[in-house]
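This report walks through one protein structure, from its overall make-up to single residues. Please keep the sequence and the model in view while reading.

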Amino acid sequence: MSGLPLLLRAGIRRDRVIAPLTVVLFVLVNVSTAASIRAMYSSPEQVATLRAGAGSNTAFVFLLGPLPADTSQAALVSWRAGLFMIAALGVCAVMTVVRQTRREEEAGRTELVLAAGVGRVVPLAAGCLVAAATVLVASAGMAAVIGLSGGGAAPTAIVFGQYACTGLAAVGVAAVCSEAAASAHSANIAAASIVAGGYLLRGVGDAAADLSWLRWTNPIGWAERMAPFDDDNLVPGLASLGVAVGGMLVAGWVRRRRDLGSGLFGRRAGPSHGPAGWSTTGIVWRLTRTQTSSWASGTAVYAFVVGFLSSQVADFAAGNAYVEKIIDATGAGGITDGFVVAMTGFLAVAAAGGGVAIVVSMRAEERAGRAELMLAAPVSRLRMYGVYLGWAAAAAVAVLGFAASGVGLGSWASGGDAVHVAGLAFTTAAVSVPAVTLVVAVVAALYGLRSSFAVAGWPIVLSALVLGPLGDLVGVPSWLRRVSPFTHVPAVPVTASAWLPLLVTTVLTLTVAAVGALLYRGRDIG
């Protein structure tokens with residue numbers, strides 16, 4: 001294990017921005033959840049309404065698991081954030097492992113490290129340890145929020161165990177996938193799909209009594225069986241730790257036997273010749289189409305769930321003054337309409353993230369040297385920038401359209417007024433387009449100033465979410481909320497006076513895009 005301390009320091013430095021942001025994001029989500037629970041369910045009557053509504057609703061049981069018998073504030077916070085955020089932490093752990101191992105290998109740095117007399121499994125071990133440390137810190141933060149919400153020592157420890165054990169299991173799964181897959185991209189998809197698949201299997205087991213055995217097939221289900229505030233049982237978490245240890249051992253065994261740059265599954269051979277006529281637009285499309293389709297499909301699935309719940313939200317939200325206050329802020333005519341409008345606003349932020357992801361991939365192309373090769377051809381910088389920015393904006397709008405379609409389909413599947421719900425969703429999506437494209441343009445302008453500034457895109461998306469749709473929930477001052485373009489999205493139905501903010505946001509988007517193009521034209525590439 002020679003060189004492990006040095007590689008650990010290098011791995012920590014590599015994730016010095018992403019890891020803290022991940023931890024802060026998880027803790028902020030849990031803090032906002034705790035604040036909303038305190039405001040929404042502060043009385044026994046409100047808790048009884050929750051138990052009779054969302055607590056017994058099949059769709060909510062599928063998403064969040066069964067409501068615990070303990071109805072304390074801490075127990076409700078753990079239930080509301082629990083399984084979904086546990087699965088999200090698993091996905092983050094997967095991405096950390098692949099980023100620390102296989103992507104370093106594809107960049108050629110692992111080969112240089114091994115040439116210095118470092119053991120073959122040391123880079124893998126260092127990457128897994130960095131991911132495990134991120135998981136443990138995030139787990140401690142999530143458990144701390146539960147403790148500060150009034151949870152006792154035992155339930156708080158179980159909550160920590162839920163997040164930590166599941167995250168470590170995801171590290172083991174990702175280690176195997178990063179060694180077996182043909183590429184880092186394939187490893188990310190495979191490992192993240194396993195984590196997401198476990199969440200879905202657990203949901204099916206909760207929603208269908210005769211399929212309850214599915215909860216015992218994966219780490220997400222084992223985390224649920226740990227049951228904080230009910231059984232307080234750490235034993236199921238041992239299975240997740242077994243997956244973590246076993247996965248790392250298997251990954252180490254594969255690492256000792258495979259060639260660098262290869263996997264147990266080979267890459268598919270490419271075409272024997274290129275297209276007869278190529279274009280910058282065609283190349284950008286081929287580079288980003290998988291990313292765009294993945295983002296659109298993932299958002300559409302979540303939007304489908306939103307639409308499915310829209311016909312039932314009135315049953316458990318009616319009579320809750322806090323919920324009604326938030327719904328009233330949307331300007332909609334009722335609880336169901338307000339829910340659709342509010343949730344489509346959240347999906348608009350996710351759509352902006354899809355466009356930002358393409359801008360970040362533009363930076364990756366530059367770092368890999370491929371952007372410079374394209375510019376060596378008869379392609380101007382302004383054309384290159386314009387095509388990427390145009391496709392990023394178009395992709396964000398497409399994701400927004402898929403989200404609105406998903407809401408409508410979900411409403412139809414649940415027997416709701418699908419035409420009305422789809423109309424609300426598409427109207428909200430349409431008036432959100434200027435805000436979505438402005439976020440993409442700002443991140444692209446930062447990239448135009450300096451390529452490394454593109455990574456600020458994710459904090460910008462997060463800030464737009466917290467200051468915009470989440471602003472009322474977390475108590476952000478109104479003057480600070482104006483920073484987010486989503487705060488200026490007009491209420492639905494749209495009134496005549498709402499067109500001025502839309503026009504101003506559109507003009508600002510075009511101005512920022514032009515400034516970004518000029519900055520990109522004038523700076524050095526690479």
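## Overall make-up

Of the 526 residues in the protein, 49% are buried, where buried means under 20% relative accessible area, exposed over 50%, and partly exposed in between (1.4 Å probe, protein chains only). The model is a predicted one, in which local features need pLDDT of at least 70 and side-chain atom pairs count only at pLDDT 80 or more, whereas totals for chains, interfaces and linings use all residues. Residues are numbered from 1 along each chain as its sequence is written, and side-chain values use heavy atoms, with hydrogens and water left out.

The protein has 23 helices and zero strands; these are DSSP runs numbered from the N terminus, with helices (H or I) of at least four residues and strands (E) of at least two. Among the contacts with a separation of 6 or more, 77% join residues 24 or more positions apart, a contact being heavy atoms within 4.5 Å. The accessible surface comes to about 23400 Å², and 68% of that surface belongs to carbon and sulfur atoms; such areas come from the Shrake-Rupley method with a 1.4 Å probe, and for residues only the protein chains shown count as cover.

## The nonpolar cores

The largest nonpolar core has 114 residues, and those with the most contacts inside it are Tyr163, Met384, Val407, Phe486 and Tyr520. A core of this kind is a set of buried Ala, Val, Leu, Ile, Met, Phe, Trp, Tyr and Cys residues joined through side-chain atoms within 4.5 Å.

Ala303, which lies in helix α13 (residues 280-310), is buried, with a relative accessible area of 0%. Leaving aside neighbours within four places in sequence, Ala303 is in contact with Leu347, Ala403, Gly406 and Val407. Ala303 and Met343 are 40 residues apart in sequence, and their C-alpha atoms are 8.3 Å apart in space.

## Salt bridges

Side chains of opposite charge can pair when their charged atoms come close. The whole structure holds twelve salt bridges, each defined by a side-chain nitrogen of Lys or Arg within 4 Å of a carboxyl oxygen of Asp or Glu. In one of them Asp15 pairs with Arg99, the closest N and O atoms being 2.9 Å apart. Asp15 lies in the loop between α1 (4-14) and α2 (18-40) and Arg99 in helix α5 (residues 73-100), so the pair ties together parts that are 84 residues apart in sequence. Asp15 is buried, at 2% relative accessible area, and Arg99 is buried as well, at 18%.

Other pairs lie within a single helix. Arg102 and Glu105 form a salt bridge (3.9 Å, N to O), and both lie in helix α6 (residues 102-106), three residues apart, about one turn of the helix. Arg202 and Asp206, whose closest N and O atoms are 2.7 Å apart, both lie in helix α10 (residues 184-207), four residues apart. Arg202 is buried at 0% relative accessible area, and Asp206 is buried at 14%.

## A loop with positive phi values

In the loop between α11 (219-226) and α12 (235-257) is Phe229, a residue other than glycine whose phi is positive, near 70°. Asp232 lies in the loop between α11 and α12 too, and has a positive phi of about 50° although it is not a glycine. Is each of these residues buried or partly exposed? Phe229 counts as buried at 9% relative accessibility, whereas Asp232 counts as partly exposed at 29%.
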